Amino acid sequence: MHVYFHVPFCARRCSYCDFAIAVRRAVPAARYVDLVLREWGERQEHPGWNESPRVRTIYFGGGTPSLLPPDAVAALLQRIRSDRALAPDAEITLEANPDDVTPMAAGGWRSAGVTRLSVGAQSFQPAVLRWMHRTHDASAIAAAVRTARAAGFDDVSLDLIFGLPAELQRDWPADLDCALALAPEHLSLYGLTTEPRTPLARWTDRGLVNAAPEDRYADEYLTAHGALAAAGFEHYEVSNAARAGRRAQHNSAYWRRAPYLGLGPSAHSSVGPERWWNLREWAAYARAVENGGSAVAGRERLDSAAIRLEELYLGLRTLEGVPADRIPTAHAARWTRDGWARVGEGRVVLTPDGWLRLDALVAAV
């Protein structure tokens, strides 16, 4: 069993963000803890959890989970430990903005049981951070990593965004160098996308910025792959690279279609063919749970064809790929010829060039 907490609160909305967040000057931490633990209690009755009684990973995502005070994180983890067996080597991740990683906060999270910090760096260049509406500056990233290490974290991940508009004149290799210089155990790389109803979408519509062309987007992705490989990282999934033994176990569970429980507004859950997702907005979620109603906004049940397609898509995202008999021979031969895949030991594995074409390749199978 894998558990995800969606913490929706942010001090400011980033220019590219369309996530379910609630911008708050003061975070209602006690109310949040109360509501998600009510939801947790209700979910314990799901028959699917009896087959997966032990919690293997916990992930605090958002939003900005690092806005939760350490005692709120401790209360959530303590309740899980009291209700379920927690694996001795459980991975417990908390996403953090660099400017939230103070000695007091980092020490509190570590004492509560958090084992891994995922730090949202995004860039080390001041003009880029301002454009993104990030609340931190470049120096805060290095300070956050030092503070995390001092608090006892030996598993730190950094997020970076690539494929930014040319108008920003972002130096992508320099950002990669800065990230690698901090010696993280893990790096996540996300290509910028323009989502509706975001500041970025409005700037694009008004012609103030232009999306990165496909060739530059691909070039930056492949540049990152080369830099990470040279630094000893394993690029084990489309957007993720890690040092040996430091893969993100929680995210890896998603790619294996392991059972997971999502708590909080907009969180998704999955057990076998069954899926459900919560009300998106914090206010609606809170109102429903406080009134004794359901936080669930929708459900679906995947049929066998949908499961096979999902297994194919998720498997091809990873360095392990999929069994060769899942891909028609003619497709595998073409992918190999064009440098998009490798075939060996009974499996088809996409290359970084193939990952850039993942959606189109899966659609063609």
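Helices (H or I, at least four residues) and strands (E, at least two) are DSSP runs, numbered from the N terminus. In this predicted model, local features need pLDDT of at least 70 and side-chain atom pairs count only at pLDDT 80 or more, while totals for chains, interfaces and linings use all residues. Residues are numbered from 1 along each chain as its sequence is written, and side-chain values use heavy atoms, with hydrogens and water left out.

**Backbone geometry**

- The loop between strand 4 and helix 2 (70-83) contains G63, and the peptide bond from G62 to G63 is cis, with omega near 15 degrees.
- A183, in the loop between helix 6 (172-181) and strand 8 (186-191), has a positive phi near 55 degrees although A183 is not glycine.
- A183 is partly exposed because its relative accessible area is 37%, where buried means under 20%, exposed over 50% and partly exposed in between (1.4 Å probe, protein chains only).
- R197 also has a positive phi, near 65 degrees, in a residue other than glycine; R197 belongs to the loop between strand 8 and helix 7 (199-205).
- With 77% relative accessibility, R197 counts as exposed.

**Buried residues**

- Y59 is part of strand 4 (residues 54-62) and counts as buried because its relative accessibility is 8%.
- R134, in the loop between helix 4 (126-132) and helix 5 (138-150), is buried yet has no salt bridge (a side-chain nitrogen of Lys or Arg within 4 Å of a carboxyl oxygen of Asp or Glu).
- For R134, the nearest side chain of opposite charge is D99, 6.7 Å away; Lys and Arg count as positive and Asp and Glu as negative, with His and the chain ends not counted.
- A polar atom of the R134 side chain lies 2.9 Å from the backbone oxygen of G120.

**Salt bridges**

- The whole structure holds 21 salt bridges.
- R31 and E290 form one of them through their side chains, at 2.8 Å from N to O. This pair links distant parts of the chain, with R31 in helix 1 (residues 29-43) and E290 in helix 10 (residues 282-290), 259 residues apart.
- R31 is partly exposed at 35% relative accessible area, and E290 is partly exposed at 36%.
- In the salt bridge between R56 and D89, the closest N and O atoms are 3.6 Å apart. Here strand 4 supplies R56 and strand 5 (residues 85-96) supplies D89, 33 residues apart.
- R247 and E320 form a salt bridge whose closest N and O atoms are 3.1 Å apart. R247 sits in the loop between strand 10 (240-242) and helix 9, and E320 in the loop between helix 11 and strand 15 (322-323), 73 residues apart.

**Second largest pocket**

- The second largest pocket holds about 190 Å³ of space. On a 1 Å grid over the protein atoms alone, a pocket is an open set of points where a 1.4 Å probe fits, with protein on both sides within 12 Å along at least five of seven lines; lining residues have an atom within 4 Å of a point.
- Grid points are joined across faces, edges and corners, and the volume is the space filled by probe spheres set on the points.
- Among the residues lining this pocket are R247 and E320, along with Y236, W255 and R347.
- Helix 9 (249-255) and helix 11 (304-316) each supply at least two lining residues.

Key:
Polar contact = N/O pair within 3.5 Å; in protein donor to acceptor, adjacent residues only side chain to side chain.
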